[in-house]
Every structure is written in C-alpha cells, then in structure tokens.
Amino acid sequence: MTVVTTGPVAGLLAALGDAVMTDSDTMIAYTRDQSLLSPSGHPIAVVRARTTDHVVTTLKTAHRYGIPVVTRGAGTGLAGGANAIDGCIVLSTEKLDRILTIDQQSRTATVEPGVINGDLAAAAADRGLWYVPDPGSRAVSTIGGNLATNAGGACCAKYGVTGDHVARIKAVLADGRIIHTGAATRKNVAGLNLTQLLVGSEGTLAVIVEATMRLRRPPARTATVVAAFAEPVQAVDAVIAIQEVADPSLVELMDRTTVSAVNDMTHMGLDQTAGALLLIQCDGDAAEQEARRSADACRAAAATELYVSADPAEGHALMQARSVALTALERRGSTLLDDLAVPVPRLPHMLDAITRIADHHHLLVGTFGHAADGNLHPTIVFDAADPDATERAHQAFDEMVAGCLALGGSITGEHGVGDLKRRYLEPMIGSVERSLMAEVKAAFDPTGILNPGRAI
Ligand SMILES: Cc1cc2nc3c(=O)[nH]c(=O)nc-3n(C[C@H](O)[C@H](O)[C@H](O)COP(=O)(O)OP(=O)(O)OC[C@H]3O[C@@H](n4cnc5c(N)ncnc54)[C@H](O)[C@@H]3O)c2cc1C
C-alpha cells in the first residue's frame, strides 16, 4: 500500500526521486530499532539520503511543514531512539557510506555517517592504523549512530568511548543550515565544545553528515586473562585491585547464568560453577607483564581458576565468549537488555540488587558487562507470549533502574536514553538540568522537529 503523496511528500519525491520511499510495506524495515520495549509509529516517508544535499532538502521541507524527523543509522540502537513517530519522516543516513580520507600522517579518518564501524576499522587496519571504539554491534552499526549515542564498547576502560575519538563533525541543523564543529588540530579549545554537544545527542540536535575520527597505532602485543570466582563480590575486588597494578584495555564480567548460556551455545567449557567470570585483556609493549600482575590480583581476590594467554588468536577466541553473551541469552527466551552504570566499588550492591529483583519476580536474569567501567547489562529473559511474565519483566526493569539510581549510578552507560529511559532522566539529573537541556535543544532546533520526545 502506498501512502498518499501530496504536499511535503510530493515535494520530497519531486526533489529526491528514488531516495524517497512511501510504500508502507517497504518502510516497515525503517520503523524500529532493536529495543523490545519502545513503541514505534508510522512514517509518511523514508528518505535514504545519498548526499548532504538530500539531508538539507529533507530538513528544509520538514522544517517548513513542521514534520518530525527521526534520523536513523543501522537501527541497532537499544533505546528506541531511531523508532519512527506517527507522521514523521525517517531520514536514513545508511547510504551516506563513503570513507572520504584516511590521513596516515595526522592519523584521522574522515567518513560519512553511514560507514559501518567495522568497515572503518578494517580500512584503518589496512593502513597500519587502529580505529578503537568497539561496540558489540561494530559489524553492523554506523559511525553516525555511534556518535549520536556516544557508543561504548569493551575497550572503553583504557581508551574511552566514541566521543573521545572524534575531532570534527559536519552536521545539518533542523532548518537546513550546515555547521562544522571542532578542528583538524589535535588541540582545540576555541569556544564552546559543540562537537561534544552533538555526541550522544541521539538525533535531537542535528543530523551528522560527516565526521573526522581519530586513529591510533595498534598495540604491539595483547595478553588475556580468564579468572573464575566463587562470588561476584570477589570478582569486583579483583577489578579494583587490577587497576592498581595494570592498565587493562578491557575487563569484562559474566555471571553464572550468562556463562551457562554461553557454554550451551558454544561448548566452550567455561567454568559455570563460578559465581562470576572475568575476562581481562592488557595491550601494549608490557601486555604480558600487566596480564601477569592482573592474574596475581585475581589470585589475591580468591580466584578459583586462572588462565593467562599471550597468544592474540587465543585471546580473540576467549573474547568470543563475552561477544556472544546476549545472543546466548536470547536462545533462552525473549530478552530485555538493560544498561546501567554504577561507581565500580558499588558493583557488588548492584549485582545483589539484580539478584534480589530477579528472585522476587521469579525471572531469569543474566548479567554481563564492562566491569572496569561499572557498566552492567542485566538481561531479563522471559516469555513474551505470557502477559504475566511480560508485566513482571517490566517491573523488574523499573526496579533495576531505581536500584541503580539509589547507588548514585547512571540510567544508561552507553545505549542512550532514547524513548526507553526517558522517564528516568529527570530523577537522575534533576529538573533544572533537564530544562537546561531543553533550552540547548531549542537553540539548535527551535521548532522541535528533530526526534521530538526522545533523549532529553
Ligand atoms: C548485538 C548488539 C550489541 C551492541 N553492543 C553495543 C555496545 O557494546 N556498546 C554500545 O554503546 N552500544 C551497543 N549496541 C547498541 C547500538 O549498536 C549502538 O547504540 C549504536 O551506536 C547504534 O548505531 P546505529 O547506526 O545502529 O544507530 P541507530 O540505532 O540507527 O540510531 C541510534 C540513535 O542515533 C541517532 N542517529 C543515527 N544516525 C545519526 C546521524 N547521522 N545523525 C544524527 N543522529 C543519528 C538516531 O536518531 C538514534 O537516536 C549494541 C546493539 C546490538 C544489537
């Protein structure tokens, strides 16, 4: 069925031709991200922009007619931020997918927003360079989406999140004006930091059409430690102790439920009697020494099993256990994946709260996450066909967020607020701060057409 093509849609079709889709069967693929809990509506059109001009024309049209615009990368978001709103234009940047330059001397890559993270990493590697940010979705998610959510990943412990690797952004404002933020220099303190305002803005301030990302030289060596603990609290003790003696690039945690699901799927034979498993990776010239010191810290924290490997291929294989954690849990039922961050010393309290909430609601919850960042992904596994189980899952989700806030934590460490976490934002940041955010949005987007009702 084709949506009526009069007014703004007719204008877009005339100006942009086959970049515009209005067939509701085709548009359906552009209406949701990967978040189970967030609602999605029906767009009047989907624009698959191939040029910055397409973005400008779309925004000028939307601005003139007051039509909401939902910008979309690959749609792998987990907060409903790219879900269509009734009557909106979905503006997809996935076809803006050119790597424009890789400058080996300045160690930067300038890319369009639809470039897949893993493709940029591979192109950088071909030139002996390293694009660091490594969200679990790197094989499919886009640089534009990564910037707009300030995506994290495993190696944030040492190298930071996507926003720590951006030098410049070119973006289109709601009224179609083009802005350039940042500078090509390594140092730049000129004026307010508009680049970092756009980072994590989830499509609410402007549409990113180009970004210059920083690259590094890859580490010469890596070494991996796997440590099992009887109790999660011992694993957290180890995380704190490791940071005294090493600077690991990643410290990932998996609880018993997650390890058991991973074993079922992969037959890796991980110790599933353990209360928690840590996967630790150190890199750089001193990787092996740091890994040994990390293993010693784990031993002192009562690790029941320890394995150290300096073989990069083996390290990669061991990390697969963590990479497939969500997929493994998904094999057990429908999942509600949460994203909570607490100060690292409070991780044991958060893990206890998760266990209490799961028991109270008779739910299976597998928890894994980036332990060195205090960032956990408790994943509620339930039967979505059972209304009672679904209701209990929603309640448990709410209670876990409340528990996180009570511990001084953040409602989202890396997935963003989107639609899913919006009701928890003000309780976390405060009403004055939220008003300030709304005023910042109004400065960028006075008529409020960009992803309205999302993120802030
Ligand atoms: C299996 C799996 C693993 C994941 N692992 C991680 C992880 O380790 N770390 C992590 O942080 N996230 C992770 N995610 C979540 C998701 O991949 C990230 O949020 C990612 O950054 C979204 O990129 P995307 O291209 O899919 O963006 P989308 O989902 O399409 O959009 C996300 C948000 O960005 C906005 N946006 C997209 N493109 C632009 C643009 N060009 N200009 C302005 N705004 C834009 C959208 O409006 C929306 O608000 C995972 C998701 C899955 C499914």
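User: What makes you say that the ligand lies between domain 1 and domain 2?

Analyst: Both domain 1 (8-92) and domain 2 (99-214) give residues to the shell around the ligand, so the ligand lies between them. The domain bounds come from an automatic or database domain assignment. This is a predicted model, where local features need pLDDT of at least 70, side-chain atom pairs count only at pLDDT 80 or more, and totals for chains, interfaces and linings use all residues. Residues are numbered from 1 along each chain as its sequence is written, and side-chain values use heavy atoms, with hydrogens and water left out.

User: How do you know that domain 1 and domain 2 are in contact?

Analyst: Contact means heavy atoms within 4.5 Å. On that basis, 11 residues of domain 1 are in contact with 13 residues of domain 2. The C-alpha centres of these two domains lie 22 Å apart.

User: Which residues come nearest to the ligand?

Analyst: They are Thr71, Gly73, Thr76, Ser137 and Thr142, out of 33 residues around the ligand. A residue is counted as near if one of its heavy atoms lies within 4 Å of the molecule.

User: Which element gives the most to the shell around the ligand?

Analyst: That is α5, with 5 residues. Helices (H or I, at least four residues) and strands (E, at least two) are DSSP runs, numbered from the N terminus.

User: Why is threonine 181 called buried?

Analyst: Buried means under 20% relative accessible area, exposed over 50%, and partly exposed in between (1.4 Å probe, protein chains only). Threonine 181 has 2%, so it is buried. This residue is found in strand β8 (residues 178-182), and its side chain makes a polar contact of 2.8 Å with that of threonine 195.

User: Is methionine 319 buried or exposed, and why?

Analyst: Methionine 319 has 11% relative accessibility, so it counts as buried. Its place is in helix α11 (residues 312-323), where methionine 319 touches Leu250, Glu252, Leu279 and Gln281, leaving aside residues up to four places away in sequence.

User: Why is histidine 267 called exposed?

Analyst: Its relative accessibility is 68%, so histidine 267 counts as exposed. Histidine 267 lies in the loop between α9 and β12, and its phi is near 55 degrees, a positive value in a residue other than glycine.

User: What makes alanine 302 partly exposed?

Analyst: Alanine 302 has a relative accessible area of 39%, so the term is partly exposed. Alanine 302 sits in the loop between α10 (287-300) and β13 (303-309), with a positive phi near 75 degrees.

Technical notes
A polar contact is a pair of N or O atoms within 3.5 Å; within protein, one must be able to donate a hydrogen and the other to accept it, and residues adjacent in sequence count only if both atoms are side-chain atoms.
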